[in-house]
Amino acid sequence: MACAASVRVGPAAQVFWALYTRADGVMRERTRIWRARGAVELAAGEVRVRDAGIELALSLEEDDGWEARCHDEGGGEVWTRKQAGIRARGTLRIGDGPPRALQARAVIDDTAGYHARHTEWRWSAGVGEAADGTALAWNLVSGVNDPASGSERAVWIDGVPREAPPVEFSEDLARIACEDGSLVQFRAEAHRARKENLLLVKSDYRAPFGTFTGSLPGRVELARGLGVVEHHRAVW
């Protein structure tokens, strides 16, 4: 399991990546402030990480995704587009080891906007399948971009997204309950957490990687899934 990101808030910028190898239970990760050159490169349909002995190169079959434009009570506006369950192919090299061919499914999160000065959210995204092998994916959130309708919440069934009803996350992030009675259960395997204090900009988050079972919003039975859950407090 892997993630890579580029973030800019006003003059502050950073890139980060993480790689979790489930076979040995090892989490490798780095966060670089002010965009360490070449560590993470993101472009349409491409991801590259070259940092700390990791070389990851992926090609992504991007699609139109699920878009939302949301407003908060303070007048802030945020646009976001999510793609989930898309095909990813590439190679991974760790240290001096040989390159490994990869075939997987990915989630892409593009977001831009004017958030509330103090923003807190809980979020989950992942991919999986139903008992009959149907491809499933999801993007669920509470606390940001989450009006009753027109939200960023979505469940993909065989590649087709549909909006999910509002959800609520447990404090320990182990359960995601939907107002339609659906319940997703999460088991963490590896943990990521970080605090940043850049005076005007602050960030405090935990984002474990792990496995999912249960029923996605819409009462879609999830036989197995992989992904992430996050709790994030930000000042920006």
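**A glutamine, a strand and a pocket**

Modeller: Let's start with a side chain: that of Gln83 reaches the backbone nitrogen of Asp63 at 2.8 Å. Keep in mind that this is a predicted model.

Biologist: Is Gln83 buried or exposed?
Modeller: Gln83 sits in strand 8. Buried means under 20% relative accessible area. Gln83 has 0% relative accessibility, so it counts as buried.

Biologist: Which strand pairs with strand 10 over 12 bridges?
Modeller: Strand 10 (residues 118-129) is mostly covered, with nine of its 12 residues buried. Strand 11 (residues 135-142) runs antiparallel to strand 10 and is joined to it by eight bridges; Arg122, for one, stands opposite Ser142. On the other pairing, Ala125 has Val228 as its bridge partner. The 12 antiparallel bridges are those to strand 20 (residues 220-235).

Biologist: Which residue takes a positive phi in the hairpin of strand 10 and strand 11?
Modeller: Five residues lie between the two strands of that hairpin. The positive phi, near 90°, belongs to Gly133.

Biologist: How many charged residues line the second largest pocket?
Modeller: That pocket holds about 200 Å³ of space and has 14 lining residues, with His71 and Asp72 among those nearest its centre. Strand 7 (66-71) and strand 8 (77-94) each give two or more residues to the lining. By class, five lining residues are nonpolar and six polar, and the charged ones number three.

Terms used:
Residues numbered from 1 in each chain as written. Predicted model: local features only at pLDDT ≥ 70, side-chain atom pairs only at ≥ 80, totals over all residues. Heavy atoms only, no water. 1 Å grid on protein atoms, 1.4 Å probe; cavity = no way out; pocket = protein on both sides within 12 Å on 5 of 7 lines; lining within 4 Å. Points joined across faces, edges and corners; volume = space filled by probe spheres on them. Helix = DSSP H or I, 4+ residues; strand = E, 2+ residues; numbered from the N terminus. Nonpolar A, V, L, I, M, F, W, Y, C, P; charged D, E, K, R; others polar. Buried < 20%, exposed > 50% of the residue type's maximum accessible area, 1.4 Å probe, protein only. Polar contact = N/O pair within 3.5 Å; in protein donor to acceptor, adjacent residues only side chain to side chain. Pairing = 2+ DSSP bridges.
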